[in-house]
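Here is a walk through one protein model, element by element. Keep the structure in view and follow along.

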Amino acid sequence: MVDVDRFVDEAIAGIADEVGDASAVIALSGGVDSSTAATLAHEAIGDRLTPVYVDTGLMRKGETAAVRETFAYMEGLRVVDARERFLDALAGVIDPEEKRHVIGEQFIREFETVAREVDAEYLVQGTIYPDRIESEGTIKSHHNVGGLPEVVDFEGIVEPMADLYKDEVREVARELGLEEVVSERMPFPGPGLAVRVLGEVTEEKLAVAREANHVVEEELEAYEPWQALAAVLGKATGVKGDNRVHGWVVSVRAVESRDGMTARAMEVDWETLQRIQSRITGSLDDVSRVVYDVTHKPPATIEYE
Ligand code: XMP
């Protein structure tokens, strides 16, 4: 475990040094990594930092409002409504790796646009160690690392937490006084709900995934999982009222893990699973089935794509 006090001092000095007299934008997502990176960068360069939250349409339910609230204290927070651009860029894309690259590229283009407007030369990102490791290997490209386009219109990309594991980031977040809802928050992938809907990303699947993830997070919070999530797998037959329907199959997943590199599927009691099932099929007309994923990582991954 890193010496947190020392890490914070050195990270702030490092950012100040790297950015110099220039300005930077920080990519906020609402998660613990980017929130911690934003706080460090704000300490380092003050109002020369422009926090940017890109509303991709792939985020958790209520995320945009939550980010506005958490970062209201930082001057100049930009919220970019990029929902249509992301959906357009993802139209027809079904390969998981291609999805990550399309999303990574679109993110960068959004940040470049804001950076030009505010004259910022640097991009600060909350990349952490496992993101880099998994991108370097054959596992997949994380959108904020391997998914980056080759040509990026920034003087430099600053990643103050690139050597930290998640539990270390949480310690740093606590040290910096971030609210518990942020420091203890479940990880959420950069490409968002796009890796929780199999195949092409459509507004219809996203709406199902957004609500189902909300239900699952709420119902499984008490288990304190590393992550609890829902994914839209495909369609299957069901009966609703008097009608046969061809509805979505939603998979529920909850895992325990220390660093996300390996994980164990959690045992969840039947009553809770049934409550999740009835909330999801009850509130979403076009869902016909809910299944529970019992697979560890390996052989599965935590996310579905
Ligand atoms: P997997 O699915 O590979 O995920 O078992 C391991 C951990 O990483 C998160 N994850 C991501 N985080 N960009 C991110 O910032 C990504 O592209 C990405 N893909 C997966 C995942 O939620 C889990 O915590």
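Start with helix 3, which spans residues 63-70; its buried residues are Glu 63, Thr 64 and Val 67. Viewed down the axis of helix 3, these buried residues fall within an arc of 100°, so they line one face of the helix. Turn to the face pointing away from that buried side. There you find the exposed residues Ala 65 and Glu 69. Bear in mind that this is a predicted model.

What covers the buried residues of helix 3? The cover includes strand 1 (24-28), strand 2 (49-55) and strand 3 (78-81). Helix 3 lies across these strands, strand 1, strand 2 and strand 3. Its direction makes an angle of about 165° with strand 2.

Now look at the sheet itself. Strands of a sheet pair through backbone hydrogen bonds, in either a parallel or an antiparallel way. Here, five strands form an open sheet in the order 3-2-1-4-5, and their pairing is parallel. Strand 3 and strand 5 (156-158) are the edge strands, since each pairs on one side only. From one strand to the next, the twist averages 30°. Take strand 4 and strand 5 as an example of the pairing. They run parallel and share three bridges.

Strand 6 covers residues 227-240 and strand 7 covers residues 243-256. The two pair in the antiparallel sense, over 13 bridges. To trace one of these, find Leu 229, whose bridge partner in strand 7 is Arg 253. Strand 6 and strand 7 form a hairpin with two residues between the strands. In this hairpin, Gly 241 takes a positive phi near 60°.

Next, go back towards the start of the chain. Helix 1 takes up residues 4-19, and helix 2 takes up residues 32-45. Their axes come within 8 Å and cross at roughly 60°. That angle makes helix 1 oblique to helix 2. The crossing of helix 1 past helix 2 is right-handed. Which residues make the contact? On helix 1 they are Phe 7, Val 8, Ala 11, Ile 12, Ile 15, Ala 16 and Val 19. On helix 2 they are Leu 40, Ala 41, Glu 43, Ala 44 and Ile 45.

Finally, check the backbone. Most residues other than glycine have a negative phi, and most peptide bonds are trans. Some spots in this model depart from that pattern. Asp 119 is not a glycine, yet has a positive phi of about 65°. Find Asp 119 in the loop between helix 5 (96-118) and strand 4 (122-124). Is Asp 119 buried or exposed? Asp 119 is exposed, with a relative accessible area of 64%. Glu 224 is not a glycine either, and has a positive phi of about 50°. Look for Glu 224 in the loop between helix 9 (203-220) and strand 6. Glu 224 counts as exposed, at 69% relative accessibility.

The bond from Lys 297 to Pro 298 is cis, with omega near -15°. The bond from Pro 298 to Pro 299 is cis, with omega near 10°. Pro 298 sits in the segment after strand 9 (287-292). Pro 299 lies in the segment after strand 9.

Definitions and conventions. Residues numbered from 1 in each chain as written. Predicted model: local features only at pLDDT ≥ 70, side-chain atom pairs only at ≥ 80, totals over all residues. Heavy atoms only, no water. Buried < 20%, exposed > 50% of the residue type's maximum accessible area, 1.4 Å probe, protein only. Helix = DSSP H or I, 4+ residues; strand = E, 2+ residues; numbered from the N terminus. Arc of directions from axis to C-beta. Contact = heavy atoms within 4.5 Å. Pairing = 2+ DSSP bridges. Axes fitted to C-alpha atoms, helices over the stretch in contact; angles between N-to-C directions. Parallel < 35°, antiparallel > 145°, perpendicular 65-115°, else oblique. Left-handed = near helix turned anticlockwise from the far one by under 90°.
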